[in-house]
Amino acid sequence: MLFLVAMAAGAFVASIARGTFSIHGAPGAEYARLVADGWHALPVMAIGGVLVGFGTRMAGGCTSGHGLSGCGRLVPSSVLATATFFGVGVVVSFVLGGAAR
Amino acid sequence: MLVVQIATGAALGFSLGFIGFGDYGELHRMFTFADLRLFLTFAGAVVVTGLGLRFLVRSPLPSAPVHKSAVIGGACFGLGWVLTGACPGIALVQLGEGTLGAAFTLAGMLAGIRAYDAVNQRWLRWGDPDASCGN
């Protein structure tokens, strides 16, 4: 738990150092252009969050567990899971980018 | 161990935030190959983690058989990642950067974890997720 709080605190310091800290709703201006604008961002983020939680729990790991620890040791199911979530990320991002244009 | 937790958590949060993993534009440029910086960062981290686990921790290689849950779960996660701009740790990074909407992402993640546990226990019976994560 402390680890998680420290992560947020570390990111706070980083955003101050970068001069990018500000109180806002969605993660960056590009989010409004590509995914959802204004208050619409909140339900999309909540639904997307459910998919992240459901998917990482089912796959047994996320970008750290499968991506770093698993791929670092070339564990087959981790390489497969990492290829899948990066692959889906690439495809959906191209779709969103095309739709926003 | 408290000091280790705080120091490693802060270092990870600072690095991810400083690189720009919390910003949706950066993530989009990674996924569309417009900017390979985050991809290369990730690849570098995989190598460092692999070497660390191999030579410092000497953790035994997990031998869990490949299960379809890796692909189905990975696909759900990939879609959610693009919709939220956050993989689990990044939601905390975004909160630290002042992205208050990430609280919705975090709440969704916790609900998603509980939902999978319920679905798994009731219908799928694919085993205990805790037993497969990184072991």
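Residues are numbered from 1 along each chain as its sequence is written, and chains are lettered from A in the order in which they are written. In this predicted model, local features need pLDDT of at least 70 and side-chain atom pairs count only at pLDDT 80 or more, while totals for chains, interfaces and linings use all residues; side-chain values use heavy atoms, with hydrogens and water left out.

Two packed helices are described by the angle between their axes and the distance between the axes. Helices are DSSP runs (H or I, at least four residues) numbered from the N terminus; axes are lines fitted to C-alpha atoms over the stretch in contact, and angles run from 0 to 180 degrees between N-to-C directions. The crossing of α1(A) and α5(B) is right-handed, meaning that the near helix is turned clockwise from the far one by less than a right angle. Contact (heavy atoms within 4.5 Å) involves Leu4(A), Met7(A), Ala8(A), Ala11(A), Phe12(A) and Ser15(A) on α1(A), and Gly89(B), Leu92(B), Val93(B) and Gly96(B) on α5(B). Seven of these residues are nonpolar, three are polar and none is charged; Ala, Val, Leu, Ile, Met, Phe, Trp, Tyr, Cys and Pro count as nonpolar, Asp, Glu, Lys and Arg as charged, and the others, Gly among them, as polar.

Within α5(B), the buried residues (under 20% relative accessible area, against over 50% for exposed and in between for partly exposed, with a 1.4 Å probe and protein chains only) are Ile90(B), Ala91(B), Leu92(B), Val93(B), Gln94(B) and Gly96(B). Their cover includes α1 of chain A as well as α1 (2-19), α4 (69-84) and α6 (102-124) of chain B. Gly98(B), which follows α5(B), has a positive phi near 100 degrees.

A further contact between the chains pairs α5(A) with helix α2 of chain B (residues 24-31), at an angle of about 105 degrees and with the axes 8 Å apart. These two helices are thus roughly perpendicular. Phe86(A), Gly89(A), Val90(A), Ser93(A), Phe94(A), Leu96(A) and Gly97(A) of α5(A) meet Tyr24(B), His28(B), Met30(B) and Phe31(B) of α2(B). By class, this contact has seven nonpolar, four polar and no charged residues. Thr84(A), also placed in α5 of chain A, is buried at a relative accessible area of 14%. Beyond its neighbours within four places in sequence, Thr84(A) contacts Val71(B), Gly74(B) and Ala75(B).

Over all chains, 15 aromatic pairs are found, defined by ring centres within 6.5 Å (stacked under 30 degrees between planes, edge-to-face over 60, tilted for the rest; the six-membered ring is used for Trp). Phe12(A) and Phe21(A) pair edge-to-face, 5.1 Å centre to centre with 85 degrees between the planes. Both are partly exposed, Phe12(A) at 38% and Phe21(A) at 32% relative accessibility. Phe86(A) and Phe39(B) form a tilted pair, with 5.4 Å between centres and 45 degrees between planes. Because Phe86(A) lies in α5 of chain A (residues 76-100) and Phe39(B) in α3 of chain B (residues 37-57), this pair joins two chains. Phe86(A) is buried at 10%, and Phe39(B) is buried at 19%. Phe86(A) and Phe39(B) belong to one aromatic cluster, together with Phe85(A), Phe94(A), Phe31(B), Phe33(B), Phe42(B), Phe77(B) and Trp81(B).

Conventions: Angles under 35 degrees count as roughly parallel, over 145 as roughly antiparallel, 65 to 115 as roughly perpendicular and the rest as oblique.
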